Amino acid sequence: MDPALSSFARLDSRGWLSLHEIMPIRRQVEVSGIVQGVGFRPYIYRLATDRQLVGTISNTSAGVIIEIQGPAETVDDFISRLPQEAPPLSRITDITTRELPLNGDYEFRIVASHGEEPVRTLISPDVATCHDCLREMFDPLDRRYRYPFTNCTNCGPRFTITRSIPYDRPFTSMAPFKMCPACQAEYDNPANRRFHAQPNACWDCGPQLEFWDNKGGVIHSVDPIAASIQALREGKIVAIKGLGGFHLAADATNTEAVALLRERKRRVGKPFAVMVPDLAAAEGICEISADDAAVLQSIQRPIVLLRRSTGEGARSTSSAPSVAQGRLRASTVSSIARDIAPGNNFLGVFLPYTPIHHLLLKEGNFAALVMTSGNLSEEPIAISNDEALRRLSGLADFFLVHDREILLRCDDSVVRVLPREPAENAKANMEARAPSPVRKPKSQQLRRSRGFVPVPVFLHQEVPSILAVGGELKNTICFTKGKHAFLSQHIGDLENLESYKFFEEAIAHLQKVLEIKPESIAYDLHPDYFSTKWALNRTDLPLIGVQHHHAHIASCMAENHLDGQVIGFALDGTGYGTDGNIWGGEVLIADYKDFERAAHLEYVPLPGGAAAIHEPWRMAVSFLAHHFGPDLRKLNLPFLREIGNAKLDLVLRMIDRRINSPLTSSCGRLFDAVAAIAGIRNQVSYEAQAAIELEMAMECMDRKGREDRKDFVNKLQALPTTSETGGNNAYGFELSWGTRDADLSTVGDGAPEKGKWISDASSQLALSGQAAEQRQSRARGVSPGNETKGDSAPKGRQIQGTSVIISSRRMFEELVEDVSRGTAVSEISRKFHNGLVNTFVEIAGTLRDRTSLNRVCLSGGTFNNLYMTMHLFAALTTDNFEVFTQNEVPAGDGGLSLGQAVAAAHKHSP
């Protein structure tokens with residue numbers, strides 16, 4: 001045998017050499033996905049050279065293209081191993097190959113990028129500093145010792161420094177920084193982990209820090225980090241430039257500093273996030289599961305909502321001091337200021353993710369730093385030094401800035417890890433009778449931004465290119481392209497000029513870097529939303545309106561790759577309905593293209609419009625007036641005495657005369673009303689504050705301040721039972737099957753039509769312990785999808801009209817009685833939540849009887865409520881439903897644009 005062939009050839013079963021194995025071939029391999037800026041080219045270089053293969057690799061606008069040449073068997077092995085051993089930050093979505101003619105290559109080379117093709121590559125998000133870089137940064141003998149911009153191909157900035165693609169240094173904000181010889185040698189060395197690391201830099205050639213006063217004057221300091229630490233120790237507020245914008249930082253153990261920051265930022269009660277140096281520090285202030293720890297330490301480094309390590313719960317900033325029974329009390333964690341998260345048993349905690357953060361926390365020896373967005377409340381985060389000085393000089397005493405430009409704002413992501421126990425418990429209960437798998441909710445994206453954007457949501461089929469502009473609150477925008485849906489980072493509430501500019505910036509930037517030309521624009525039906533007005537002013541593209549709650553359900557369907565119809569629970573605070581009213585307590589039968597409003601909370605007036613959102617007592621009066629009429633004045637309710645007769649009379653006149661009192665079916669406003677009546681809060685300083693504190697009250701038990709952790713987990717693990725959610729442990733609701741006095745448009749996303757709904761009182765079904773018991777009895781032995789339709793449905797569940805109306809009269813009667821006799825707020829809250837769970841499970845069963853649909857999607861801001869999410873998920877699962885939640889995008893309005901995009905894509909298609 002020729003020695004040159006001996007390392008490649010082998011004998012077959014007959015002793016003959018396989019020509020396929022010894023003959024050289026050349027193949028082109030095109031790889032799509034997140035393959036730029038993540039060490040993919042050096043990985044391919046090593047993979048090829050280790051196998052003595054020759055060829056080339058280059059970045060292109062489509063991803064990377066590899067030309068690989070060598071013995072066929074070795075080339076086959078190379079291609080099979082390519083996705084298996086790819087770098088951890090990469091994400092391969094597609095690999096295609098084709099045969100090429102052999103050429104004279106004698107080595108494997110990384111060649112210049114090509115940018116002439118349509119953009120299909122995926123840009124990596126910004127990720128946390130890796131362990132290798134940290135080790136170097138704290139090594140006094142390393143040339144990058146304490147360098148605050150240390151990074152490599154496995155970590156550091158990506159999305160926020162990318163101007164265009166291919167992702168090469170000239171197309172990033174690192175372009176002005178010419179690498180020194182040492183950095184250039186690393187960059188050019190395929191064996192180095194900084195090989196082609198575009199942000200590569202050091203003290204000699206990279207970005208630098210400066211320490212400023214709040215007038216922009218440079219405070220000359222040998223060490224800006226040390227100067228910042230000293231200011232923070234003295235109780236000062238420091239604006240710190242990070243990856244996606246500025247943070248406002250304060251010592252989280254300094255009560256006066258936290259109060260000063262809250263006052264300057266005009267953030268009366270909304271919780272602050274805290275950054276702690278490491279996992280051990282987080283465990284010192286919060287209860288952390290293994291899943292929590294994994295998410296905290298992930299490369300995304302999101303803010304994670306964690307339960308406080310205290311036996312007393314959080315302090316509530318009550319607006320009603322006379323009704324303090326069952327009130328949440330102050331945290332006993334001495335290391336954290338009391339007002340970090342008032343009225344909340346959870347803390348938003350995250351770990352350092354840039355070298356600057358690590359230096360501040362380690363060298364400053366801080367237990368925790370408040371790290372809140374560098375903005376006034378509800379404005380977008382500041383990114384440039386000049387902008388920060390202009391907008392934050394009244395908030396910060398000092399500025400820690402640098403000269404690397406941030407090209408796009410990207411705020412911190414917020415995540416909550418969901419307990420696994422309820423799903424696993426449900427699975428155990430269903431083993432003998434459930435034909436469909438149980439889906440485990442794992443985590444909730446409450447704000448999807450840094451670390452996750454611009455990774456797309458991967459769709460299960462190709463869709464047209466759509467731009468969806470989202471809603472008004474927690475706005476995001478979305479572009480679709482092929483099987484990818486690209487959501488923007490969190491933009492925020494479009495309530496001011498700065499946010500509106502950011503909205504336009506996000507559209508322009510994503511469209512540029514993705515080179516997407518949308519075929520149409522999807523928008524919310526609300527005529528007063530800024531995003532809707534922006535869309536309606538575009539005359540160059542077709543416009544597709546998508547109803548708010550339909551978009552919520554479509555978003556959940558898209559994330560979970562569902563086709564066909566589902567039962568969708570879309571529960572939130574506000575959404576413009578197709579009848580011109582404000583929806584928010586909706587049950588839909590929906591697919592991507594259309595929907596039917598199958599059930600909803602009854603309409604009540606929203607007195608004062610937006611004022612009722614900020615003053616929950618108005619909704620309490622509205623519900624009481626709706627159910628009790630003039631007798632509401634006789635009710636023994638402390639909150640009525642607190643608001644006084646003058647305010648009460650004014651709101652009652654507004655309701656009676658329908659002055660600025662649109663009708664609403666909002667679930668969020670129902671929570672507000674219950675919170676006000678229970679004595680939790682008459683006014684709020686941030687969205688959903690009353691609902692959040694109502695949920696928190698459940699854990700503040702009568703005798704112990706709140707349940708200990710073991711009892712809490714045990715209760716969360718247990719599925720709702722008759723004794724838990726029925727009888728005296730749940731308020732009752734009533735269902736009636738509505739009829740219409742006109743042929744209203746209740747199907748699809750059409751234009752609003754006015755009309756009046758009439759409740760058929762003869763068809764009411766009370767939901768109490770008896771109904772819960774009936775539901776559980778039906779669950780045993782039921783085979784999903786086999787129920788018959790029409791009049792053969794079980795007695796009491798035959799739909800006699802077009803839509804099920806959920807009446808809260810009985811619930812309010814029981815609530816008023818409990819408040820009058822001094823029932824603890826914790827018990828009131830639990831009974832209210834359990835009553836809602838019972839109601840929605842009953843409605844799901846009703847609709848399954850009528851339609852044979854067995855898949856349920858949960859979406860909308862109400863599902864940020866942990867108790868509602870977990871207990872409704874568990875109850876539906878034990879009733880043999882297949883339940884889908886949202887984990888990849890927010891269930892609230894942050895995920896709305898995804899739903900708009902996929903709904904519009906299906907409407908756009910023939």
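Residues are numbered from 1 along each chain as its sequence is written. In this predicted model, local features need pLDDT of at least 70, side-chain atom pairs count only at pLDDT 80 or more, and totals for chains, interfaces and linings use all residues, while side-chain values use heavy atoms, with hydrogens and water left out.

**The second largest pocket**

Select Arg91, Gln300, Gln445, Phe452 and Glu888, which are the closest to the centre of the second largest pocket among its 26 lining residues. A pocket here is an open set of points on a 1 Å grid over the protein atoms alone where a 1.4 Å probe fits, with protein on both sides within 12 Å along at least five of seven lines; lining residues have an atom within 4 Å of a point. Its volume is about 610 Å³, taken as the space filled by probe spheres set on the points, which are joined across faces, edges and corners.

Next, select α9 (290-296), β15 (414-417) and β16 (443-447), each of which supplies at least two lining residues. Helices (H or I, at least four residues) and strands (E, at least two) are DSSP runs numbered from the N terminus. The largest share, 3 residues, comes from α9. Colouring the lining by class gives 13 nonpolar, 7 polar and 6 charged residues; nonpolar covers Ala, Val, Leu, Ile, Met, Phe, Trp, Tyr, Cys and Pro, charged covers Asp, Glu, Lys and Arg, and polar the others, Gly among them.

Proline 454 lies in the loop between β16 and β17 (457-463).

**Helix α17 and its partners**

Select α17 (residues 616-628) and α18 (residues 638-657), whose axes come within 10 Å and cross at roughly 65°. Axes are lines fitted to C-alpha atoms, for helices over the stretch in contact, and angles run from 0 to 180 degrees between N-to-C directions. The two helices are therefore roughly perpendicular (65 to 115 degrees). Contact residues (heavy atoms within 4.5 Å) include Trp617 and Leu624 in α17, and Phe639 and Ile655 in α18. This contact divides into 13 nonpolar, 1 polar and 2 charged residues.

**Beyond α19**

Finish at alanine 688, in the loop between α19 (667-677) and α20 (689-697). Its phi is near 70°, a positive value in a residue other than glycine.

Note on methods: Parallel < 35°, antiparallel > 145°, perpendicular 65-115°, else oblique.
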